[in-house]
Amino acid sequence: MARFTLPRDLYYGENSLEMLKTLKGSRAIVVVGGGSMKRFGFLDKTVAYLKEAGMEVQLFEGVEPDPSVETVMKGAHAMREFKPDWIVSIGGGSPIDAAKAMWAFYEYPETTFEDLIVPFQFPELRQKARFAAIPSTSGTATEVTAFSVITDYQKGVKYPLADFNITPDVAILDPSIAETMPQTLTAHTGMDALTHAIEAYVSTANSVFTDPLALKAIQMVAEYLPASYNGDKNAREQMHYAQCLAGMAFSNALLGITHSMAHKTGAAFSTGHIPHGCANAIYLPFVIRYNAVKAGNRYADIARALGMEGSEESLVEQLCAKIESLNKSMGIPATLKEFGIKEDEFKEKLPTIAKLAVEDACTGSNPRPITPEQMEQLLTCTYDGTKVNIA
Ligand code: FE
């Protein structure tokens, strides 16, 4: 038996934030990040609309990027005191991810992260509150997914939470909120969305329900990301919807090794963080060439959906070339070397990173299995740009 789960309601379009006026409840807590939502006035609007709905409103502010266990526990504590029946989270992936985890600890104070990281074994949520998510970036799609990532900085581990219980009840895609994204973030999050859709389409867990969502998302990213990057308002709006479609697909079809590699290299090097979407953008063409021996027909489907023609082999190459040219047009480097990772550090850390990437939760649904040795070879290709030819 398989399952396909999405939020019950999706509100989108100009001024869709106003739907908050119609939520039924008595207390809402608003979970938000560092301040851009406040600066742009969206936090004030959110609070005003919830008050108009007749609710008492409390703020939980200052969720950091890559939210910590401590922040989650603080938020859950605030929720237990305030007893909200709505959790409303507005901002990038981080405050929404944090709020999802707070929700679990609000409803089940006695639970632990060790209990929650067992995939799809959450206790039943919605005993105390429902959840509305309002994304300000166009990439993670956490507003429609069953996922959240929380970091334990003391233990140096990330807890990937995965359960349909934390799929929000309401997602609000108000394009004016996503218009505030800076250009580099638009490029990175857009390529993250493309990676979500492509990995979901070729995943071993793909289905007839996820395929159309993934293909439409890929077509829309190809059509709108360049103009969105250059600030076109309509393209920004279309990208906000495209990343959401991609999220609907991968929340149900899962991902692949592009994400495994991005997860394990993001914070691995002393030269600085590799932004998630940027890492995915660099790895994606290499992963496609690695996977093509198993999933060539699926990549060919994607290429055809983008209007390309030719043999399966040629379609796979055209798809990779399309991704490489998108990257180039937005200033995304082609390799880790070009990104600025030092060669001696890369070589030294390669065996550990390769092993961790193979063990990542996203590896299981990749269309082609991979050993740590093959992963070392693949990562080496992404470092220096050598053509992937891995037996
Ligand atoms: Fe991603």
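A residue is termed buried when its relative accessible area is under 20%, exposed when that area is over 50%, and partly exposed in between (1.4 Å probe, protein chains only). The structure is a predicted model, in which local features need pLDDT of at least 70 and side-chain atom pairs count only at pLDDT 80 or more, while totals for chains, interfaces and linings use all residues. Residues are numbered from 1 along each chain as its sequence is written, and side-chain values use heavy atoms, with hydrogens and water left out.

A salt bridge is taken here as a side-chain nitrogen of Lys or Arg within 4 Å of a carboxyl oxygen of Asp or Glu. By this rule the model contains 16 salt bridges. One of them joins Asp 211 to Arg 298, with 2.8 Å between the closest N and O atoms. Asp 211 belongs to helix H8 (residues 211-229) and Arg 298 to helix H11 (residues 276-305), so the pair ties together parts 87 residues apart in sequence. Helices are DSSP runs (H or I, at least four residues), numbered from the N terminus. Both Asp 211 and Arg 298 are buried.

A salt bridge also forms between Asp 360 and Lys 264, whose closest N and O atoms are 3.1 Å apart. This pair links distant parts of the chain, 96 residues apart: Asp 360 sits in the loop between helix H14 (343-359) and helix H15 (372-384), and Lys 264 in helix H10 (residues 257-265). Asp 360 counts as buried because its relative accessibility is 8%, whereas Lys 264 is partly exposed at 29%.

Within helix H14, Lys 349 and Glu 345 are four residues apart, and therefore separated by about one helical turn. Their side chains meet in a salt bridge (2.6 Å, N to O). Glu 345 is buried, with a relative accessible area of 9%.

How values were computed:
Helices (H or I, at least four residues) and strands (E, at least two) are DSSP runs, numbered from the N terminus.
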